[in-house]
Every structure is written in structure tokens, then in C-alpha cells.
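Let's take a walk through this structure one piece at a time. Have a look at the model first, and then we'll go through the strands and a pair of helices.

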Amino acid sequence: MFKVKISDGTYKNVTGAEVKSFWASMKFQIDKPGTTYPSGTKNGASTDANGVTHFSTDTLTGYQARSPDSSEKDKSFDYLISHELAHNTEAGRAENEWQTKNGTKDADGYYLGNEVLANSVAKTIEDDVGLKPLSSPTYGYDGNVVTLSASVNPSPIETTKAGGTLNLYA
Ligand SMILES: [Zn+2]
């Protein structure tokens, strides 16, 4: 478990149970380049009313080119999945609620606070499960967003899904 600072000054916990729950239920659709997403943007990803997260192939290949190790290009896909999962956590949703009322969108239609929080939560999840986070994702990381708890459960619980195994701490 770790704490995430929301822009309203409060904190939300992200737990292994929450991450596992999303991991087990997330659905993705890969669209043609140039597709307009449910959010009205063409960059990054967007989740529709049915809970399906959309990426276009050009988003995926664009991130693939930014992996920290060119021999491990799939690391960028780990990042994208973790990042979208982070947006869906209670912390990600709380930040989005605050940003929708108080934030300013950038030229691409994104709230900086939402993206930095999602990146920082994604990095924490990736570090915890032994993945290799991107060194410089779009919008970057903020080391003040996440506070790690000293009292994590030392016994990993394994969740197996098509495409891989994710070890998480409850
Ligand atoms: Zn995002």
C-alpha cells in the first residue's frame, strides 16, 4: 500500500487489492492511427462508457520508441498499462475530480496534475512488481506525489492473466 497526494491536499491510499482488481478487469482496444478517442483527443488513451481503454497503434509505437533499453521495447507497454490503471484508481479519480473543477488543460487536452499523478503511481506499481519504468515519460514524475508505507505485506500474491504474471503485495 502507498499514499498518494491529491491536489486538494488530501491523501488516498492505493492498495494491492485495488491494483489487482483493476488488473483483473481492465479491457483494451487498439484503434487505427488518427482515431479520435471517447475523450475527444487523439493522443494517449481514453476509457469509454463501457470501461474499455482505447489506444491507437501510433500511440503504442510512439511509446515503444522511448523505452529505456532498446532491447526491451515492451517496457513501454508495461508503462502504458500501469499509467492507465493508475488513472482508474480512487486516487486517480479523485485527482481528476479536482482537476476538472480547478485545473487547466494543456494544448493536447490533458490536465498536467492527472498525468503526473498517473505516472508517479504507475512508477510505484512498476517498481513494486519488478518492472522497469520509463526514465522520462511525457509529463514526467513527481517524487512528492507518492509516499511509500513501511508496512507492506511481505507475502506476494500472484495473479495470473493472459499475457503474463503480476506479483503484487496486498
Ligand atoms: Zn494519462
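**From a sheet to a helix pair**

Start with Lys5, which stands opposite Tyr11 in β2. Keep in mind as you look that this is a predicted model. The strand pairing to look at here joins β1, residues 2–5, to β2: four bridges link them, and they run in the antiparallel sense.

Now zoom out to the sheet. It's an open one built from three strands, in the order β2-β1-β6, with antiparallel pairing. On the edges you'll find β2 (11–14) and β6 (146–148), each of which pairs on one side only. On average, neighbouring strands of this sheet are turned by 30 degrees against each other, if you ignore direction.

Next, the helices. Two packed helices are described by the angle between their axes and the distance between the axes. So what do those come to for α4 and α5? The axes of α4 (residues 90–102) and α5 (residues 112–129) come within 9 Å and cross at roughly 165 degrees. Angles over 145 degrees count as roughly antiparallel, so that is how α4 and α5 sit relative to each other. As for handedness, α4 passes α5 in a right-handed crossing.

Which residues make the contact? From α4 come Ala91, Gly92, Glu95, Asn96 and Gln99, while α5 brings Gly113, Asn114, Leu117, Ala118 and Val121.

Notes
Residues numbered from 1 in each chain as written. Predicted model: local features only at pLDDT ≥ 70, side-chain atom pairs only at ≥ 80, totals over all residues. Axes fitted to C-alpha atoms, helices over the stretch in contact; angles between N-to-C directions. Helix = DSSP H or I, 4+ residues; strand = E, 2+ residues; numbered from the N terminus. Parallel < 35°, antiparallel > 145°, perpendicular 65-115°, else oblique. Left-handed = near helix turned anticlockwise from the far one by under 90°. Contact = placed C-beta atoms within 7 Å. Pairing = 2+ DSSP bridges.
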